[in-house]
Amino acid sequence: MHNTIDKRAALITGANRGLGLELCKQLNKKGYFVFMGVRDLKKGELALQTLPNPDRATLLLLDVSDPASVGSAVKQLDHADYRLQILVNNAGIMMDGDVMKDSTTDIAVERLRKTFDTNFFGLVELTNQVLPFLLQTPDSRILNISSDMGSLQLHARQHPLARTFAYNASKAALNMYTIHLANALRDKNVKVNAVHPGWVKTDMGSEYAPLEIPEAIEPIVEFLLKEDLPTGKFVFRGEEIAW
């Protein structure tokens, strides 16, 4: 999968900054045509110009929390001259507020719903609408950008993770979706996995995070493009971690 420049394409959500943009850059550099899912076309255009081969990328106006936006973006894929082989569900939000405060007992229901609309419901809707394209392309892959903050095992062991309930619960739901989708597609040509990128210097991760964005994305791309990619795994830097 690594060196041939052809009609293969990847769709990355949340692509105008942070992890999503770096994923676009690294996949674009490896020869993939990249569909950049962005909520703001002006910001997206600036981001697109930072790609190694911007002529092999295009913007998709895509807000995963808006079903109409999802439907419109998927229709554009139907008319594209590329075969979608990779979907990276990267778009996500954290609305809990203070990450050092346990939000479980006082999280506003509306904030919880909005978190799930982006991190889970919208992601599932987009994936299921995109799936027919992936099923038409050999050796397709779906990668969900999750977090160890969604790990039930780590939280049950009182691991010192942030108690941001809405975010954590949405990622736990995403992990379950990953397992179910991998099982549903086990006899098909699509591999499904989740990754924990680590604590990264992004708008969400803050300047205090130890990992630079390229440093976090390199092992993710290496895993994503493995010739013998497994399915139904949750990994960090190529190693399985606790669901």
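In this predicted model, helix α2 (residues 41-48) lies across β2 and β3. Its direction is at about 165° to β3. Helix α7 (residues 213-224) lies across β4, β5, β6 and β7. The angle between α7 and β5 is about 150°.

The sheet itself is open and has eight strands. Their order is β3-β2-β1-β4-β5-β6-β7-β8, with mixed pairing. The edge positions are held by β3 (57-61) and β8. Each of these two has a single partner strand, so one side of each is left without a neighbour in the sheet. Between β6 and β7 the pairing is parallel and rests on two bridges. Ala194 has Phe234, in β7, as its bridge partner.

Nonpolar side chains tend to be buried together in soluble globular proteins. The largest nonpolar core here holds 32 residues. Leu11, Phe35, Leu77, Leu84, Leu126, Val130 and Ile142 touch the most other members. At least two core residues come from each of the strands β1 (8-12), β2 (33-38), β4 (83-89) and β6 (190-195), and from each of the helices α3 (67-78), α4 (109-135) and α6 (165-184). Helix α4 gives the largest share, nine residues. Beyond its neighbours within four places in sequence, Val130 is in contact with Leu11, Val74, Leu77, Leu84 and Leu87. Another core, of 31 residues, lies apart from the largest one. Cys24, Val34, Leu59 and Ile217 are among its members.

Asn168 counts as buried because its relative accessibility is 8%, below the 20% limit. Its side chain makes a polar contact with the side chain of His155, at 3.5 Å. Leaving aside neighbours within four places in sequence, the residues in contact with Asn168 are Met149, Gly150, His155, Ala162 and Arg163.

Asp139 is not a glycine, yet its phi is positive, at about 55°. Asp139 is found in the loop between α4 and β5 (140-145). With a relative accessible area of 27%, Asp139 is partly exposed. Arg237 also has a positive phi, near 50°, and is a residue other than glycine. The loop that holds Arg237 runs between β7 (234-236) and β8 (239-240). Arg237 is partly exposed, and its relative accessible area is 40%.

Terms used
Residues numbered from 1 in each chain as written. Predicted model: local features only at pLDDT ≥ 70, side-chain atom pairs only at ≥ 80, totals over all residues. Heavy atoms only, no water. Core = buried A, V, L, I, M, F, W, Y, C linked by side-chain atoms within 4.5 Å. Buried < 20%, exposed > 50% of the residue type's maximum accessible area, 1.4 Å probe, protein only. Helix = DSSP H or I, 4+ residues; strand = E, 2+ residues; numbered from the N terminus. Contact = heavy atoms within 4.5 Å. Polar contact = N/O pair within 3.5 Å; in protein donor to acceptor, adjacent residues only side chain to side chain. Pairing = 2+ DSSP bridges. Axes fitted to C-alpha atoms, helices over the stretch in contact; angles between N-to-C directions.
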